[in-house]
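Good morning, and thank you for coming. Please look at the sequence and the structure on the screen while I take you through them.

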Amino acid sequence: MKITIVYDNEVRQPGLIADWGFSCLIEAQDTPKILFDTGTSGSILLHNMNQLGIDPSSIGIVVISHPHWDHFGGLQDIMEASKDAELYLPESFLGRASARKITRVKHPLEIRHNIFSTGELEGIEQSLAIGTDKGLLVVVGCSHPGVGSILDAASRFGKVYGIVGGFHGFHQLDRLTPLSLICPCHCTQYKSEIKRLFPERCLECGAGVIIELGSP
Ligand SMILES: [Zn+2]
Ligand SMILES: [Zn+2]
């Protein structure tokens, strides 16, 4: 299974555009391609996807973590480019959206085999947990409910191996100690502290970064 960071405040590959926001592509065995969040700008999202060789029409599932513009700003553009994709929105999302099929998520849910949503936590945000051969990789947008609560919610699906995405102002960094892979992206305020505390396990984020793990 493979995660490609498509949209982030930083870039790690020439030709990509850095912008405030987050999006990543999740490719897992026997599962349609999943785009998690859509960044702030549809044109930057489509530009970065094009540079990374990702065909928007190949996206089968779009998941929005929470209703903040830097996570769903590109939604309309991506749904127009990915006409066959189905959409998973947190229940708190009140904006307009059109898709072949829309699922509003409130409770924990297995979206596909080994792909879980934590459900909408604190009335704002869902995160994904992806099964790998090493355990679950948790994918987060901004972590407004708190990284600790998200890890607790994800644990119901198995042992958490790692986490990738925006951690916002999360500072109970000891909660990260049991994890083997920590990739703080986007809005994470304590990136440098995380890097200093967990130098071996911290992976620097940025558009173009790829995480590859085995299938479960
Ligand atoms: Zn947010
Ligand atoms: Zn954000």
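Apart from neighbours within four places in sequence, Val 139 is in contact with Ile 3, Cys 24, Ile 26, Phe 36, Ser 127, Leu 128, Ile 130 and Val 164; contact means heavy atoms within 4.5 Å.

Before I continue, a word on the source. This is a predicted model, in which local features need pLDDT of at least 70 and side-chain atom pairs count only at pLDDT 80 or more, while totals for chains, interfaces and linings use all residues. Residues are numbered from 1 along each chain as its sequence is written, chains are lettered from A and ligands numbered from 1 in the order in which they are written, and side-chain values use heavy atoms, with hydrogens and water left out.

Which residues have the most contacts inside the largest nonpolar core? They are Ile 3, Ile 5, Ile 26, Leu 128, Val 139 and Val 164, in a core of 28 residues. A nonpolar core is a set of buried Ala, Val, Leu, Ile, Met, Phe, Trp, Tyr and Cys residues joined through side-chain atoms within 4.5 Å. Buried means under 20% relative accessible area, exposed means over 50%, and partly exposed lies in between, using a 1.4 Å probe and protein chains only. At least two residues of this core come from each of S1, S2, S3, S4, strand S9 (128-132), strand S10 (135-140), strand S11 (160-166) and strand S12 (181-185). The largest share, three residues, is supplied by S12. Strands (E, at least two residues) and helices (H or I, at least four) are DSSP runs, numbered from the N terminus.

Let us turn to the sheets. Strands of a sheet pair through backbone hydrogen bonds, either parallel or antiparallel. Here, two strands pair if DSSP finds at least two bridges between them.

One open sheet has seven strands in the order S6-S5-S4-S3-S2-S1-S13, with mixed pairing. Its edge strands, S6 (102-105) and S13 (210-212), each pair on one side only. From one strand to the next, the twist averages 20°. Helix H1 (residues 42-51) packs on this sheet and touches S1, strand S2 (23-27), strand S3 (33-36) and strand S4 (59-63); the direction of H1 makes about 135° with that of S1. Such axes are lines fitted to C-alpha atoms, for helices over the stretch in contact, and angles run from 0 to 180 degrees between N-to-C directions.

At one end of the order, strand S1 (residues 2-7) pairs with S13 in the antiparallel sense over three bridges. The bridge partner of Lys 2 in S13 is Glu 212. Elsewhere, S5 pairs in the parallel sense with S4 over three bridges and with S6 over four bridges. Glu 86 in S5 stands opposite Ile 61, and Leu 89 stands opposite Arg 104 in S6.

Is strand S5 (residues 86-90) enclosed or open? Five of its five residues are buried, so S5 is largely enclosed by the rest of the structure. In a regular strand the side chains alternate between the two faces of the sheet. In S5, Glu 86, Tyr 88 and Pro 90 on one side and Leu 87 and Leu 89 on the other are all buried.

The other open sheet has six strands in the order S7-S8-S9-S10-S11-S12, again with mixed pairing. Strand S7 (109-112) and S12 are at its edges with a single partner strand each, so one side of each has no neighbour in the sheet. S10 and S11 pair in the parallel sense over five bridges, and Leu 136 stands opposite Val 160 in S11.

Finally, the metals. Donors are N, O and S atoms within 2.8 Å of the metal (3.2 Å for Na, K and Ca), and sites may look incomplete because water is not among the atoms.

The zinc ion (ligand 1) is coordinated by His 66 (NE2), His 68 (ND1) and His 144 (NE2), at 2.1 to 2.3 Å. His 66 is buried at 0% relative accessible area, whereas His 68 is partly exposed at 30%.

The zinc ion (ligand 2) lies 3.8 Å from the zinc ion (ligand 1). The protein donors of ligand 2 are Asp 70 (OD), His 71 (NE2), Cys 142 (SG) and His 186 (NE2), at 2.1 to 2.2 Å.
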